[in-house]
Number of protein chains: 4
Amino acid sequence: MSKINVAIIGGTGYTGVELIRLLSRHPHVTISHLTSRSEKGRVVSEIFPSLLGVCDVVYSDMTDDVMDEIGKACDVVFFATPHGVAMSHTPRLIAQRVKVIDLGADFRLQDLGEFGKWYGLEHTCPDVLAEAVYGLPEIHREKIKSAKVIANPGCYPTTAILGLKPVIDTQNSADKPLILPNIIIDAKSGVSGAGRNAKMNLLFSELSDNFSAYGVAGHRHTPEISQGVHAFLGSKFTQKVRFVPHLVPMIRGMFSTIHLTLTDDGKALNWQEIFEKVYQNEPFVDVLAKGVLPDTRSVRASNRLKIAVHQDDDALTVLVVQDNLVKGASGQAVQNMNILCGFDEMCGLGVDFGGCAVVP
Amino acid sequence: MSKINVAIIGGTGYTGVELIRLLSRHPHVTISHLTSRSEKGRVVSEIFPSLLGVCDVVYSDMTDDVMDEIGKACDVVFFATPHGVAMSHTPRLIAQRVKVIDLGADFRLQDLGEFGKWYGLEHTCPDVLAEAVYGLPEIHREKIKSAKVIANPGCYPTTAILGLKPVIDTQNSADKPLILPNIIIDAKSGVSGAGRNAKMNLLFSELSDNFSAYGVAGHRHTPEISQGVHAFLGSKFTQKVRFVPHLVPMIRGMFSTIHLTLTDDGKALNWQEIFEKVYQNEPFVDVLAKGVLPDTRSVRASNRLKIAVHQDDDALTVLVVQDNLVKGASGQAVQNMNILCGFDEMCGLGVDFGGCAVVP
Amino acid sequence: MSKINVAIIGGTGYTGVELIRLLSRHPHVTISHLTSRSEKGRVVSEIFPSLLGVCDVVYSDMTDDVMDEIGKACDVVFFATPHGVAMSHTPRLIAQRVKVIDLGADFRLQDLGEFGKWYGLEHTCPDVLAEAVYGLPEIHREKIKSAKVIANPGCYPTTAILGLKPVIDTQNSADKPLILPNIIIDAKSGVSGAGRNAKMNLLFSELSDNFSAYGVAGHRHTPEISQGVHAFLGSKFTQKVRFVPHLVPMIRGMFSTIHLTLTDDGKALNWQEIFEKVYQNEPFVDVLAKGVLPDTRSVRASNRLKIAVHQDDDALTVLVVQDNLVKGASGQAVQNMNILCGFDEMCGLGVDFGGCAVVP
Amino acid sequence: MSKINVAIIGGTGYTGVELIRLLSRHPHVTISHLTSRSEKGRVVSEIFPSLLGVCDVVYSDMTDDVMDEIGKACDVVFFATPHGVAMSHTPRLIAQRVKVIDLGADFRLQDLGEFGKWYGLEHTCPDVLAEAVYGLPEIHREKIKSAKVIANPGCYPTTAILGLKPVIDTQNSADKPLILPNIIIDAKSGVSGAGRNAKMNLLFSELSDNFSAYGVAGHRHTPEISQGVHAFLGSKFTQKVRFVPHLVPMIRGMFSTIHLTLTDDGKALNWQEIFEKVYQNEPFVDVLAKGVLPDTRSVRASNRLKIAVHQDDDALTVLVVQDNLVKGASGQAVQNMNILCGFDEMCGLGVDFGGCAVVP
């Protein structure tokens with residue numbers, strides 16, 4: 001199988017470099033282009049010494065000429081950029097028959113009003129947005145195969161939607177309500193989720209040995225989770241999603257604790273079995289054995305997402321862990337690319353590579 | 001004012017040493033006795049070098065003779081020991097007219113069945129237990145003044161009960177339900193809460209850069225929180241307490257996120273004002289201004305507990321932080337001692353001492 | 001004793017806020033003015049919530065008017081600013097009979113050429129520089145008493161000069177060389193030493209679980225250490241100081257390992273005794289018992305500096321720890337102020353306050 | 001090429017599990033046996049959840065029967081055990097024509113007196129010891145090919161000997177001394193180097209936000225480094241090795257700063273070029289470009305060791321980083337196995353696998 005060429009737009013942030021790490025070892029991929037405004041002209045391993053011998057691409061500036069060259073040379077373009085960047089380049093790229101995977105937020109929210117409200121921008125290509133596929137393989141695998149543009153999900157929504165899918169699916173095929181209104185997602189993220197930005201509140205001396213909440217009054221991932229529950233999973237009910245994110249003094253890892261309250265009908269079900277059945281064939285989702293609790297260490301640098309289910313009378317607690325930079329971002333983007341390009345879905349992500357962090 | 005003599009039983013654990021730190025600077029206290037089985041015969045500053053020049057007491061073994069001497073010499077005895085120790089010595093101490101403050105769990109649960117179920121022991125002095133006062137000054141200040149035995153609250157229950165008090169109080173004086181059933185407490189603790197025990201799961205290499213849940217199937221603080229809500233705050237309703245604790249890779253600090261769902265009657269109230277009013281005269285509880293979110297750093301080494309209230313339609317989120325070793329343990333024990341002995345409640349704990357950790 | 005008024009110029013950096021922490025509890029001091037360009041108009045506790053109830057000064061901008069007012073109102077002005085700021089204001093302040101303590105570098109290097117070479121600036125008040133006293137109390141206590149301007153030492157130089165003082169003193173009074181040429185200082189600092197600056201290389205995700213060297217080709221503290229050894233301690237020999245700093249993934253703390261090689265004459269001495277004797281009356285320098293090794297934890301938030309001496313044949317290893325923000329910066333500044341103003345040298349810094357971090 | 005069978009004795013410590021991580025992906029290896037006293041009968045992924053799907057071997061007890069079975073079934077046996085274990089089994093294993101790679105210390109020190117002095121044991125198979133090869137491929141590659149028993153080097157000695165090799169080699173072929181007596185190695189290690197042992201001093205709450213020295217009075221790696229310099233590198237001079245280890249609050253990573261003082265002849269050489277030339281063909285040793293400083297992050301989870309050389313007049317500073325669990329232990333053991341078995345030396349360790357931790 002010949003190799004495809006890919007470009008990474010925004011190749012110096014944490015998700016961009018994580019893409020380099022994963023794709024530089026992917027057997028069917030050549031990274032042909034990397035862009036960075038701040039580091040243009042420098043070879044990637046000069047800035048990230050551990051990539052010495054792994055990737056020696058030189059960063060280009062994101063000029064029109066470079067983007068045009070990328071459109072001609074590449075099969076897939078990844079945007080690992082702040083919102084607003086991908087939507088300004090995507091129409092032209094898809095006209096050049098290039099597939100686009102956006103790790104930013106430009107194509108995540110289908111509702112234009114919600115997009116404008118949460119991101120403070122008017123969407124510049126609503127027609128492209130309408131065609132974009134929300135790239136959560138566990139719910140949209142078929143659609144991803146033929147997508148032109150993939151909206152790679154946010155990190156929190158990945159944990160929330162996959163943690164809730166067995167519940168919503170079961171509820172949708174039941175006659176009576178199984179859970180009481182309101183879904184509470186108490187989420188905790190490592191600091192790399194905040195990006196590689198020189199901000200005071202992200203300094204080591206501010207965050208180490210400290211734990212905080214943020215975005216309680218409103219976080220951009222709330223409407224994305226809500227869209228996942230209602231539009232994509234098609235929940236018959238109108239449960240509101242309550243989402244409270246917290247910041248953990250660690251680099252990688254995300255832990256979402258989902259608190260649900262069961263009705264009497266819901267209490268009668270065996271949720272451990274339901275979860276196991278829903279995910280039995282999913283290569284990257286593990287349902288832990290009853291009584292086993294997850295930690296973020298166990299998925300460090302891996303594309304796996306692990307779920308524990310705890311049922312106690314009317315209380316259903318779903319605990320979900322992932323590496324926010326892998327299944328929560330760049331690993332999922334590679335998984336999407338694999339599906340899109342007809343590669344094995346685990347290619348470059350499987351146990352033959354897997355997490356390096358078995359022990360510390 | 002002459003000084004009182006105090007003993008600390010179990011003076012090498014984190015709460016015991018925190019007591020030494022606080023009491024060695026208390027103007028009305030002399031630490032006359034420290035016990036430790038493992039370190040008997042050694043001076044405290046040999047083991048904890050930062051106490052050099054601060055405290056030079058020699059650890060005694062906890063023999064009958066030593067306990068008898070303590071009973072004669074001391075006004076107050078603190079137990080910073082695993083459960084089971086305090087109850088075996090307390091009857092004799094109170095017979096010697098010594099006040100006992102137990103930082104362990106022996107006198108926390110009034111229900112003997114619950115005690116046996118959660119701690120796996122039969123209680124050896126139920127009559128003493130019946131007289132013991134649960135030492136949460138913000139709800140039991142008057143009772144503490146005349147107590148013989150004080151059960152110093154657990155760290156999680158302190159955050160949960162104080163975070164819920166304004167809600168339960170308001171509910172109790174209302175005609176209609178203000179919150180829907182079930183109280184969800186998603187709590188996060190620094191590692192020192194697990195004590196100074198040589199256990200594999202507490203090693204640096206296991207916990208650093210890692211976040212986990214534990215005790216989801218049942219934690220000893222759940223019945224204690226429930227007792228606080230129902231017996232002490234006297235909740236008219238039978239909301240179940242759901243408590244899920246997590247472990248944060250930091251040394252000190254505790255963050256409890258309490259998720260409540262309001263009825264229409266509950267939605268009509270201004271909870272920010274209610275919380276501010278309830279705690280307006282409490283020296284160690286701060287209700288943060290609307291929109292301000294807490295972090296554990298801001299209470300490091302301090303006896304303050306800070307609460308933020310966020311209300312959004314039917315969602316009421318209460319965020320509580322404290323230092324688990326201070327307001328969650330040893331600081332609260334000193335606060336109880338101050339009340340018990342008629343000292344100023346803030347003595348040795350006030351802003352003139354306060355948290356040392358303004359900056360990192 | 002009436003209180004003095006002090007101002008802190010640059011009150012939002014780590015050393016500035018550490019000064020607020022220490023001075024707000026000092027019995028003879030009122031903090032009357034704080035300046036900050038970025039936070040002017042805001043009350044200090046709004047930015048640093050743990051100062052709520054401790055200090056409620058509002059930040060002023062550093063305008064001419066404000067500086068003039070400070071000159072009239074204050075007895076002592078602390079500069080916790082980058083180099084270049086203090087020297088532009090100090091001549092006027094001393095004309096107003098205000099004492100200046102500069103925590104920056106403007107008055108540390110007496111050699112104008114060295115100052116220009118290392119700081120890239122021409123000195124604007126060499127006459128003031130000539131009168132300034134290098135504020136290391138353990139070597140300049142008498143001079144500090146009558147100083148107009150005090151150059152508060154750098155953090156690394158404090159550990160190096162105090163770690164070397166007993167060696168240089170002994171050598172100076174000996175007939176023959178005691179140590180072979182070249183003094184090697186291998187130093188390790190917590191991250192707060194790099195300041196509260198929004199720089200990419202200071203982010204949590206860059207520094208956590210990472211250890212690095214920096215400034216190997218030249219660090220501004222090298223000439224300051226060299227000046228200390230040769231000019232202040234008056235070393236008869238011309239040993240070159242070799243200084244290699246490293247960055248440790250912790251917030252506070254500094255550890256300097258000084259490697260010396262003894263001559264046969266040097267080997268004949270008992271260095272443990274020599275160190276103990278030199279520092280026997282120093283309130284803030286502890287020489288650890290033979291065989292005891294220091295850690296940074298034991299001096300966290302304390303103004304103490306601890307020294308261990310290990311002698312093995314011709315190898316003399318001196319290990320020095322301090323809190324870089326206290327004895328390495330703001331605590332030493334308060335110690336200097338105490339000497340300057342005739343207060344007890346330990347006032348506000350003594351064991352009655354001490355380190356809060358006995359346990360974690 | 002058919003696969004070889006390997007056993008790992010002591011498969012629950014950090015180096016044992018790191019071997020599992022590396023070998024389970026090695027194309028020419030089947031892990032057929034794992035032993036553990038504490039976890040016998042349990043499947044490895046039950047204890048280390050991230051190995052789920054990667055390795056499903058069940059731990060055996062280390063009984064005579066099991067060891068006999070291993071001797072019959074395996075081609076290579078790795079000992080990841082405390083000293084004393086490997087030497088009691090190795091004679092029998094080599095009689096069964098099994099190759100032994102000991103990650104412990106039983107075969108590192110050729111001098112029996114030194115072994116006894118530092119490890120407090122009498123060696124039980126000095127004849128096997130005499131034949132054992134010190135498995136540092138960069139100096140003993142040829143000997144390793146035909147070894148029966150390989151002593152896998154200690155972590156600190158790996159950095160020290162490889163950091164010194166270009167210096168000693170150059171000195172050995174020179175007429176005059178190039179460096180002054182005494183070699184100073186100031187080393188810093190992550191906590192995993194202390195092993196997975198339930199000890200109080202390794203707790204998170206003891207080590208986080210703390211930096212300390214240890215073993216200053218004598219560390220077992222000192223004679224091993226000395227043996228490397230004098231016996232293996234054949235230094236003509238009698239420089240003493242001074243070794244001071246420190247503990248860094250991070251999990252993985254080792255940083256050794258080697259301080260050398262040059263003679264006039266030594267000053268005349270270009271040490272950057274010398275180092276580059278010595279290691280130009282080594283697959284796992286990188287000499288960094290002039291002026292570039294290493295950090296431990298850049299080799300996390302990788303078998304690479306990186307060296308920076310800084311020369312300033314008579315000061316030569318060599319800075320060496322590695323992952324203590326990979327090049328400092330298990331990765332180097334796999335490298336030794338590759339050489340021993342005639343596999344490509346980089347097999348299972350190359351850039352196609354490499355470090356996973358490009359970014360955090």
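In this predicted model, the side chains of A:E224 and A:R108 meet in a salt bridge at 3.7 Å, N to O. A salt bridge here is a side-chain nitrogen of Lys or Arg within 4 Å of a carboxyl oxygen of Asp or Glu. The count between domain 1 and domain 2 of chain A is two salt bridges. Those domains cover 4-131 and 156-322, with bounds from an automatic or database domain assignment.

A quick word on the ground rules: this is a predicted model, where local features need pLDDT of at least 70, side-chain atom pairs count only at pLDDT 80 or more, and totals for chains, interfaces and linings use all residues. Residues are numbered from 1 along each chain as its sequence is written, chains are lettered from A and ligands numbered from 1 in the order in which they are written, and side-chain values use heavy atoms, leaving out hydrogens and water.

Back to the two domains of chain A. Their centres, taken over C-alpha atoms, sit 28 Å apart. On the domain 1 side, A:Y14, A:R108 and A:W118 lose the most area to domain 2, together 46% of what that side buries.

Now for chains D and B. One salt bridge joins the side chains of D:R196 and B:E206 at 3.2 Å, N to O. Helix 9 of chain D (residues 204-207) gives the most to the side that touches chain B, with four residues; helices are DSSP runs (H or I, at least four residues), numbered from the N terminus. As for area, D:F204, D:S205 and D:I251 supply 38% of what chain D buries against chain B, more than any other three residues.

Here are the two pairings in numbers. Contact means heavy atoms within 4.5 Å, and buried area is the accessible area (1.4 Å probe) that two parts lose on being put together, summed over both.

| Pairing | Residues in contact | Buried area | On carbon and sulfur |
|---|---|---|---|
| Chain D and chain B | 18 and 18 residues | about 1700 Å² | 66% |

How far can you trust all this? The model scores ipTM 0.95 and pTM 0.96. Chain A averages a pLDDT of 93, and 97% of its residues score at least 70; pLDDT is the predictor's confidence in each residue, from 0 to 100. Over residues 352-360 of chain A, though, pLDDT stays under 50. Where pLDDT is low, the predicted coordinates should not be read in detail.

How values were computed: Helix = DSSP H or I, 4+ residues; strand = E, 2+ residues; numbered from the N terminus.
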